[in-house]
Amino acid sequence: MLIYYIKNIFKNIIYGLFPSLVIKIKKPTGRGGTTKINSYHFDIFNSYFKHLDVEDIQEFIRDKTVVEIGPGNVLGTAFYSIVYGAKKVICIDRFPVVFFKEQYNNFVSLIDYLPNHLKGKASEILKNYDDLKNRIVYYSDLTGRFTHIPDIKADIILSNAVLEHVYDLPSLFNMLSKISDKNALMFHGVDLRSHTMHYKNELDFLNVPIILWKLMTCFRGAPNRITRSEYINIFESHNFKILRELIVKKYDTATVKEYILYNKKNTVDIKDLEIAIIGFVCKVC
Ligand SMILES: C[S@@+](CC[C@H](N)C(=O)[O-])C[C@H]1O[C@@H](n2cnc3c(N)ncnc32)[C@H](O)[C@@H]1O
């Protein structure tokens, strides 16, 4: 166990001292230098609307303002949203690593995954690159507070695999409730797992004392360990009503049972412990 702590604290320090090098070597999803363009970005885009129960994306997104939190380094959802008819897309990420010029080549490659009837439209959009640059806006704030985001009136707010990396969720949700239009819909996909930072049982990272957890993760941006019930409280206390919870992946019963058996002090509700990946569909209330 001591080795597990020391190893992870050491890794965290390496992340803190040499962030660019780690990103170069590890190429984590959605972050880092160049991420190979494949169908991943189109799959994520489609899955957002599937989760929102939208049948005709073009019809639904037309003239809307879309916000994506934590898009990563390829602005796939932003580009596809514009091609499908969105008026504007606002990307909000903690890190400012996306340089818009580099996106052009990404956008060209993203066209390959579109249905044939939209490929021509996408190419036309890329011809008017200045207009596209005005319609996809990127804001970053290393503090994660985003106090400088203007009043945008967002219609659709999306995130995938982001909220579990956010340490100050109340600040993020204060900002989201300020910029949401009165009928805004949100989808957040949240991976509640350890991100490979457990010891033996997949849930035992929940048990690491808070100070040690911070020493192991503060530079890595690894999971905040917020549970399903805590997310629900955060949404509701910022005036977002949960319309649906989508359980994407559950832990094995044996994993949950073993964790409870060896962690008599566990205070997390068993229903929360069972869930590994979850999606929340919310609306402003
Ligand atoms: C695992 S990546 C997911 C990227 C992309 N959404 C995907 O599905 O591939 C997490 C993203 O969240 C961003 N992020 C981390 N902390 C954040 C924060 N406090 N606010 C906004 N974005 C954040 C990271 O910079 C990164 O782009």
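Guide: Start with β1, α5 and β2, which form a right-handed β-α-β unit. Right-handed means that, with the strands pointing away from the viewer, the path from the first strand over the helix to the second runs clockwise. Helices (H or I, at least four residues) and strands (E, at least two) are DSSP runs, numbered from the N terminus. Residue numbers start from 1 along each chain as its sequence is written. This is a predicted model: local features need pLDDT of at least 70, side-chain atom pairs count only at pLDDT 80 or more, and totals for chains, interfaces and linings use all residues.

Now look at β1 itself. Five of its five residues are buried. A residue is buried if 20 or more other C-beta atoms lie within 10 Å of its own, exposed if 12 or fewer, and partly exposed in between, with C-beta atoms placed from the backbone. Thr65, Val67 and Ile69 point one way from β1. Val66 and Glu68 point the other way. In a regular strand the side chains alternate between the two faces of the sheet.

Next come the partners of β1. Two strands pair if DSSP finds at least two bridges between them. β1 and β2 (residues 88-93) run parallel and are joined by five bridges. Within that pair, Val67 stands opposite Ile90. β1 also pairs with β4, again in the parallel sense, over four bridges. There, Glu68 has Leu158 of β4 as its bridge partner.

Step back to the whole sheet. It is open, has seven strands and mixed pairing, and its order is β3-β2-β1-β4-β5-β7-β6. At the edges are β3 (136-140) and β6 (240-250), each pairing on one side only. Neighbouring strands are turned by 15° against each other on average, direction ignored. For such angles, axes are lines fitted to C-alpha atoms, for helices over the stretch in contact, and values run from 0 to 180 degrees between N-to-C directions.

Move along to β4 (residues 154-160) and β5 (residues 180-191). They pair in the parallel sense over six bridges. Ile156 stands opposite Leu185 in β5. Helix α9 (residues 169-179) packs on the sheet, touching β1, β4 and β5, and its direction makes about 145° with that of β5. Two residues are in contact if their C-beta atoms, placed from the backbone, lie within 7 Å. Together, β4, α9 and β5 make a right-handed β-α-β unit.

β5 and β7 run antiparallel, joined by seven bridges. Helix α11 (residues 228-237) lies across β5, β6 and β7 (275-284), at about 10° to β7.

Return to α5 (residues 76-84). The largest nonpolar core has 50 residues, and α5 gives the most to it, with six residues. A nonpolar core is a set of buried Ala, Val, Leu, Ile, Met, Phe, Trp, Tyr and Cys residues joined through C-beta atoms within 7 Å. Val67, Phe79, Ile82, Val89 and Ile157 have the most contacts inside this core. Leaving aside neighbours within four places in sequence, Phe79 is in contact with Phe107 and Leu110. A second, separate core has 10 residues, including Met197, Phe205, Met216 and Leu273. In soluble globular proteins, nonpolar side chains tend to be buried together.

One loop leads back to β4. Lys153 lies in the loop between β3 and β4. Its phi is near 60°, a positive value in a residue other than glycine. Most residues other than glycine have a negative phi. Lys153 has 12 C-beta neighbours inside 10 Å, so it counts as exposed.

Finally, the chain as a whole. It holds 13 helices and seven strands. Buried residues make up 31% of its 285 residues. Along its principal axes, the C-alpha trace spans about 60 × 45 × 35 Å.
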